[in-house]
Amino acid sequence: MLQSFLDACPGIYFVTSPEGIITMANREAARFFGQEGAVGRSLVEAVHPEDRGALQASWARLPEDGEALGAVSRLRGADGPYQAFSWSARRVSDGPEIHAVLLPAAPAPAAPPSERDPERILRMLLDNLEIAVTVVDRSGYVTLNDGKSLITSGLGPNFNLGKHLPEAYAHDAVILENVERALRGEDRHYIVEAHGVLWENWFSPVKDADGEVVGAICLSFDKSDSKRATQELQNRINLIERQQEVIRNLETPIIEVWDRVVTLPMVGVVDSARAARVMDDLLTAVSKQSARFAILDLTGVEIVDTATAAHILSLISAIRLLGAEGIITGIRPTVAQTVVSLGLDLSRVITCANLREGLRLCIRRMHAQATADASMGALV
């Protein structure tokens, strides 16, 4: 099974000992190293003398936790000349073996690159911006997987390098569909959550001079911070809404002070919006509790405007339509002056000096009603 997987890999894939002796290799590796094959050969001997020290140092410092290291080195195959390869190596967690893959890379420039060198610009973008770039060939194998987002997201550099993307994400329908459509020549833009990270992706096909698709490039942005910020904002909005609901309940505390007698003490400024909420809450309470009297206590209210006064009178009328009697208590002098100056008719509204007097009036009327009902029953 392992050998079949290695042979399917389009890159030069092999397994070495800690000293760099190749112990297993795929078909591409055998083709690269020639008729004698790759198994048993020293990887270090195939490396350019100027690059051997760096390769040996990298092989020696490969961590045991499975983290991959990568670089560019020049190697010589069966044809003789040295070629530049981008390699990635990883030590297995349960043994000393090292798995590595070689992919063709552009040779290092002889002179320092200029400020306008596209390769240098790309390197700067990959190293400094929160992005990741993935390049796949026409078969779907990843030939480049680089960018700062791979590190900050915890995935690590070259996370998908050498993988067959449709197989690696066969379980994710969103990724699989967009990869396949990009390789069919479509530009794709999609957002998906993978490996615990929210990615926004732009996948574009790469075509040759004849218009044939030879691969695809994906530019990915880590949107996890934006998702967390949106979630935090939504949580705050939900908290504010719950707090407003509590405030609304506190500003209209409807209390049943006696059997079938409810009261609503109001404190502070009463504007049109609050008066409308009071009407809804009080009428609901009167209907639900089959109240006979509803006392609207304005002891804590010092100022009302025209619209508010009209709302209060409308509330008394609405209470009467429900078969109950509305009583206003505790009207302050300033409120009384406002009502009179507005020319509002309170002749049909029962008012009392304070809540105690209002409650006493309700008890007297209910007692009188009960006495009258008893007398009527005796006559019958």
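Trainee: Which residues form a nonpolar patch on the surface, and what accessible area do they have together?
Mentor: The patch is made of Ile121, Leu125 and Leu129, with about 230 Å² of accessible area together. Patches are made of residues with over 30% relative accessible area and no salt bridge, where like charges are joined within 9 Å and nonpolar side chains (Val, Leu, Ile, Met, Phe, Trp, Tyr) within 5 Å; the areas come from the Shrake-Rupley method with a 1.4 Å probe, and for residues only the protein chains shown count as cover. Before going further, note that this is a predicted model, in which local features need pLDDT of at least 70 and side-chain atom pairs count only at pLDDT 80 or more, while totals for chains, interfaces and linings use all residues. Residues are numbered from 1 along each chain as its sequence is written, and side-chain values use heavy atoms, with hydrogens and water left out.

Trainee: Why is Leu129 called partly exposed, and where is its place?
Mentor: Buried means under 20% relative accessible area, exposed over 50%, and partly exposed in between (1.4 Å probe, protein chains only). Leu129 has a relative accessible area of 41%, and therefore counts as partly exposed. Its place is in the loop between helix H5 (118-128) and strand E6 (131-137), where helices (H or I, at least four residues) and strands (E, at least two) are DSSP runs, numbered from the N terminus.

Trainee: What makes the contact of Glu28 with Arg31 a salt bridge?
Mentor: A salt bridge is a side-chain nitrogen of Lys or Arg within 4 Å of a carboxyl oxygen of Asp or Glu. The closest N and O atoms of Glu28 and Arg31 are 2.6 Å apart, and the pair qualifies. The two residues are 3 apart in helix H2 (residues 27-33), which means about one helical turn separates them. Glu28 is partly exposed at 28% relative accessibility, whereas Arg31, at 52%, is exposed. By this rule the count comes to 9 salt bridges.

Trainee: What does the salt bridge between Arg74 and Glu50 tie together?
Mentor: The side chains of Arg74 and Glu50 meet at 3.1 Å, N to O, and form a salt bridge. Arg74 lies in strand E3 (residues 69-76) and Glu50 in helix H4 (residues 49-60), so the pair ties together parts that are 24 residues apart in sequence. Arg74, with 30%, is partly exposed, while Glu50, with 61%, is exposed.

Trainee: Which residues are joined by salt bridges that share partners?
Mentor: Glu186 and Arg188 form a salt bridge, with their closest N and O atoms 3.7 Å apart. Salt bridges that share partners join Glu177, Arg181, Glu186 and Arg188 into one network.

Trainee: Why are E11 and E15 said to stand at the edges?
Mentor: An open sheet is formed by 5 strands in the order E11-E12-E13-E14-E15, with mixed pairing; two strands pair if DSSP finds at least two bridges between them. Strand E11 (255-258) and strand E15 (350-352) each have a single partner strand, so one side of each is left without a neighbour in the sheet. Within the sheet, strand E12 (residues 261-267) and strand E13 (residues 293-300) pair in the parallel sense over 6 bridges, and the partner of Val267 in E13 is Gly300.

Trainee: How many bridges join E9 to E10, and in which sense do they run?
Mentor: Strand E9 (residues 197-207) and E10 are joined by 9 bridges and run antiparallel, with Trp199 opposite Asp222 in E10. They form a hairpin with 5 residues between them, and Gly211 in the turn has a positive phi of about 85 degrees. E10 (residues 213-222) is also joined to E6, by 7 bridges in the antiparallel sense, Thr134 having Cys218 as its bridge partner in E10.
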